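I opened this model to look up its fold, its core, its aromatic pairs and its surface. My notes are below.

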Amino acid sequence: MHLINTILDIFFPANCLSCGKNDKILCSECLADFPASERECEKWVYPLFDYRHPPVKKAIWTLKYKNKKILAKILAESMHQRILEELSDLTRLENFQNPILIPIPIAPK
């Protein structure tokens with residue numbers, strides 16, 4: 001399956017989901033522009049992106065339903081950096097220990 005995807009990528013190169021530029025499914029400029037989520041929920045729940053922002057929503061949807069696994073790597077690298085920033089701030093606050101990363105499920109079941 002990997003060989004087929006490589007061949008398809010050669011004939012049908014990916015365009016950025018946000019700006020439409022060629023070569024990457026999500027360019028670094030657009031990824032950097034993904035807005036951080038405002039804290040509208042529980043005290044210790046920290047969403048990393050504003051999932052209502054159309055490019056973020058489109059990237060997550062494409063990863064989940066179009067099986068574009070390259071997006072997982074791109075988003076994971078960005079999330080890793082943001083998580084490290086959040087944790088470095090939180091370790092100085094109160095008794096923050098043992099963080100848990102919870103993925104967003106595809107469906108309720």
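The entries run from the overall fold to single residues.

**Ground rules.** I am working on a predicted model, in which local features need pLDDT of at least 70 and side-chain atom pairs count only at pLDDT 80 or more, while totals for chains, interfaces and linings use all residues. Residues are numbered from 1 along each chain as its sequence is written, and side-chain values use heavy atoms, with hydrogens and water left out.

**Fold.** I find four helices and zero strands in the protein. Helices (H or I, at least four residues) and strands (E, at least two) are DSSP runs, numbered from the N terminus. Along the sequence the pattern reads α-α-α-α.

**Burial and contacts.** I looked up how much of the chain is covered, taking buried as under 20% relative accessible area, exposed as over 50% and partly exposed as in between (1.4 Å probe, protein chains only). Of the 109 residues, 20% count as buried. The accessible surface comes to about 8,800 Å², and carbon and sulfur atoms hold 59% of that surface. Areas come from the Shrake-Rupley method with a 1.4 Å probe; for residues, only the protein chains shown count as cover. Contact means heavy atoms within 4.5 Å. Among contacts with a separation of 6 or more, 43% are between residues 24 or more positions apart.

**Core.** Which residues have the most contacts inside the largest nonpolar core? I noted I25, L26, L31 and F34, in a core of 15 residues. Elements that give two or more residues to this core are α2 (28–32), α3 (54–65) and α4 (70–90). The largest share, three residues, comes from α4. Such a core is a set of buried Ala, Val, Leu, Ile, Met, Phe, Trp, Tyr and Cys residues joined through side-chain atoms within 4.5 Å. In soluble globular proteins, nonpolar side chains tend to be buried together.

**F34.** I count F34 as buried because its relative accessibility is 3%. Leaving out residues up to four places away in sequence, F34 touches L26, F49, P55, V56, A59, L75 and R82.

**Aromatic pairs.** Rings of Phe, Tyr and Trp (its six-membered ring) pair if their centres lie within 6.5 Å; planes under 30 degrees apart count as stacked, over 60 as edge-to-face and the rest as tilted. My search of the whole structure gave three aromatic pairs. F34 and F49 form an edge-to-face pair, 5.7 Å centre to centre with 90° between the planes. Both F34 and F49 lie in the loop between α2 and α3, 15 residues apart. F49 counts as buried because its relative accessibility is 2%. The rings of F49 and Y51 have centres 6.4 Å apart and planes at 90°, so this pair is edge-to-face. Y51, at 30% relative accessibility, counts as partly exposed. Ring pairs link F34, F49 and Y51 into a cluster.

**T62.** Beyond its neighbours within four places in sequence, T62 is in contact with L17, N67, K68 and L71.

**Surface patch.** L3, I4, I7, L8, I10, F11 and F12 form a nonpolar patch on the surface, with about 790 Å² of accessible area together. I placed L8 in helix α1 (residues 2–11). L8 is partly exposed, with a relative accessible area of 41%.

Note on methods
Patch = residues over 30% accessible without salt bridge, like charges linked within 9 Å, V, L, I, M, F, W, Y side chains within 5 Å. Salt bridge = Lys/Arg side-chain N within 4 Å of Asp/Glu carboxyl O.
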